[in-house]
Amino acid sequence: MAEQAQFEELARQLSAVGAVKRDLARILPHECPAGSAAVLTLLGRHGSMRMSKLAELLAVDMSVTSRHVAHVAERGWIDRSPDPADKRSRILHLTPAGEATLEDLSRRSTELLTERLSDWSDEEVEQLIRLMTRLRDSFGGCRATAPHPRSTATARTTASATPPGPTPGTAQAAVPATAGSVARAPTPVLESTTTRTPA
């Protein structure tokens with residue numbers, strides 16, 4: 001088990017991940033903000049899905065998801081077709097224009113990461129991917145379970161010694177899950193101002 005000082009340093013380092021997310025957000029085209037990029041990324045990765053599933057993957061409220069979906073639909077990047085199993089629902093699909101936009105986002109993010117990590121070895125990049133994936137998985141179920149009493153007490157102690165910064169879990173999608181997914185994960189889920197779905 002890591003020492004408390006190590007976790008305090010980890011919290012400080014994770015707060016700096018915001019700079020990475022801001023750089024990734026800056027390369028997005030004006031007409032494709034972070035929420036739209038997240039929608040395209042998830043549809044490209046998981047395929048067609050209902051709005052409710054997309055909201056779950058984005059970890060935002062349905063109202064927020066609806067705004068993102070409306071934005072990409074207006075630009076012809078997705079289609080919304082009736083769900084054969086439930087006529088009240090819609091199935092979201094990427095259009096050819098959406099796939100082309102996703103490819104452009106992928107190219108932009110890959111170029112940025114290639115530039116910023118030019119002095120990293122392949123092994124170091126692979127290690128970062130593995131560790132970020134494991135970190136994301138460790139936080140994946142945190143909204144569904146109540147914090148352990150001892151964890152809460154530790155968090156209070158850590159908070160008093162740690163400078164304020166973004167919650168570590170907010171960086172969960174800053175790095176693609178696998179090396180092979182870089183081309184399909186331009187700027188996944190850069191949501192920093194949306195309303196989170198209640199636990």
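How many residues apart are aspartate 23 and arginine 26 in helix H2? They are 3 residues apart, and about one helical turn separates them. The close-up views below start from this pair.

This is a predicted model, in which local features need pLDDT of at least 70 and side-chain atom pairs count only at pLDDT 80 or more, while totals for chains, interfaces and linings use all residues. Residues are numbered from 1 along each chain as its sequence is written, and side-chain values use heavy atoms, with hydrogens and water left out.

**View 1. Aspartate 23 and arginine 26 meet in a salt bridge.** A salt bridge is a side-chain nitrogen of Lys or Arg within 4 Å of a carboxyl oxygen of Asp or Glu. Here the N to O distance is 2.4 Å. Both residues belong to helix H2 (residues 17–26); helices (H or I, at least four residues) and strands (E, at least two) are DSSP runs, numbered from the N terminus. Aspartate 23 is partly exposed at 23% relative accessibility, whereas arginine 26 reaches 60% and counts as exposed. For these words, buried means under 20% relative accessible area, exposed over 50%, and partly exposed in between (1.4 Å probe, protein chains only).

View 2. Arginine 12 has a relative accessible area of 30%, making it partly exposed. Glutamate 9 is also partly exposed, with 35%.

**View 3. In helix H6, glutamate 111 forms a salt bridge with arginine 107.** The closest N and O atoms are 3.4 Å apart. Helix H6 spans residues 96–116, and this pair sits 4 residues apart along it, about one turn. Glutamate 111 is partly exposed at 45% relative accessibility, and arginine 107 is partly exposed at 40%. Elsewhere, salt bridges that share partners link Asp23, Arg26, Glu115 and Arg116 into one network. Across the whole structure, a search finds 11 salt bridges.

**View 4. Strands E2 and E3 run antiparallel.** Strand E2 covers residues 78–83 and strand E3 covers residues 86–94, with 6 bridges joining them. Two strands pair if DSSP finds at least two bridges between them. A hairpin connects E2 to E3 through 2 residues. Look for aspartate 83, which stands opposite aspartate 86 in E3.
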